[in-house]
Amino acid sequence: MTISVAARPYEFKLDPARTAFVIIDMQRDFVEPGGFGAALGNDVSKLRAAIEPIGAVLAACRAHGVLVIHTREGHRPDLSDLNGAKHRRGRFATRIGDDGPMGRILIRGAEGHEIISELFPEPGEPVIDKPGKGAFYATDLETILRGRGITQLILAGVTTEVCVHTTLREANDRGFECLVLEDGTASYFPEFHRAALDMACAQDGIFGWVAPSAAVISALQTGAVT
Ligand code: C5J
């Protein structure tokens, strides 16, 4: 059974039983001062607008039995999964693995690496730890999705043009139908956010669909069967 979600470039036929809501990197390191995002010189407050819409879709997905998956970008404490190019890049005073106010930056187990309390995973919801920007690279995400018969993804999280877009492209090439949550994604650069969303659904859906959280919630709640 599919339900209709009003989306760009045209309606998305969502099958809740074959869908996963993938929340990307809603970690303290990206949305709170003193983390990785701030170390790169960004105004992290810009990302907080996505928290409420993601929370609303998260509640609707949980209520309607849609699989929820969380991802976290980060590295092993010994940095053995951090490639040199990623480690060296940039001219910043603080780098991945350095000490910060929330513990070592972007390191698994540190406070900053954890998912924010508002969107904290419930028991049973897979949490994917990823060393790269894409959620498929060097993770077991694809195995988990295939094992559960998932063919469609609703993507949310941060940042729109980096980890969300990389994951969108990886998923698209693997044959998943993707819908990006317009207000459930955010960027430190509002113009990149807008462009990334436009790129996702340009050319009649080159990578997929884009819709606001309200459209997804309304479709799940009313269950307009198509
Ligand atoms: C970045 C991410 N921007 N989660 N990571 O480095 O988008």
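Here is a short chat about salt bridges and a cavity in this predicted model.

Student: How many salt bridges turn up when the whole structure is searched?

Tutor: The search finds 16 of them. Let's take a few in turn.

Student: Why is the contact between Lys46 and Asp43 called a salt bridge?

Tutor: The cut-off is a Lys or Arg side-chain nitrogen within 4 Å of an Asp or Glu carboxyl oxygen. For Lys46 and Asp43 the closest N and O atoms are 3.7 Å apart, so the pair counts as a salt bridge.

Student: What makes Lys46 and Asp43 partly exposed?

Tutor: Partly exposed runs between the buried cut-off, under 20%, and the exposed one, over 50%. Lys46 has 36% relative accessibility and Asp43 has 38%, so both fall in between.

Student: How do you know which parts of the chain Arg48 and Glu118 link?

Tutor: Start with the contact: the closest N and O atoms of Arg48 and Glu118 are 3.2 Å apart, and they form a salt bridge. Arg48 sits in the loop between helix 2 and helix 3, while Glu118 is in the loop between strand 6 and strand 7. The two are 70 residues apart, and the pair links distant parts of the chain.

Student: Is Arg72 buried or exposed?

Tutor: Buried: its relative accessibility is 15%, and buried means under 20%. Its salt-bridge partner is Asp129, with the closest N and O atoms 2.8 Å apart. Asp129 lies in strand 7 and Arg72 in strand 4, so the pair ties together parts 57 residues apart in sequence. Asp129 itself, at 24%, counts as partly exposed.

Student: Which residues are linked in a network of salt bridges?

Tutor: Arg28, Glu32 and Glu111 are linked that way.

Student: On to the cavity. What makes a space a cavity here?

Tutor: A 1.4 Å probe fits inside but cannot get out. The structure holds one cavity of 30 Å³ or more, and about 30 Å³ of space lies in the largest cavity.

Student: Which helix gives the most to the lining of the largest cavity?

Tutor: Helix 6 does, with four residues. Helix 6 and helix 7 each supply at least two residues of that lining.

Student: How many residues of the lining of the largest cavity are nonpolar, polar and charged?

Tutor: Six are nonpolar, two are polar and none is charged. Among the lining residues are Val164, Leu168, Thr160 and His165.

Definitions and conventions: Residues are numbered from 1 along each chain as its sequence is written. This is a predicted model: local features need pLDDT of at least 70, side-chain atom pairs count only at pLDDT 80 or more; totals for chains, interfaces and linings use all residues. Side-chain values use heavy atoms; hydrogens and water are left out. Buried means under 20% relative accessible area, exposed over 50%, partly exposed in between (1.4 Å probe, protein chains only). On a 1 Å grid over the protein atoms alone, a cavity is a set of points where a 1.4 Å probe fits but cannot get out, and a pocket is an open set with protein on both sides within 12 Å along at least five of seven lines; lining residues have an atom within 4 Å of a point. Grid points are joined across faces, edges and corners, and a volume is the space filled by probe spheres set on the points. Ala, Val, Leu, Ile, Met, Phe, Trp, Tyr, Cys and Pro count as nonpolar, Asp, Glu, Lys and Arg as charged, and the others, Gly among them, as polar.
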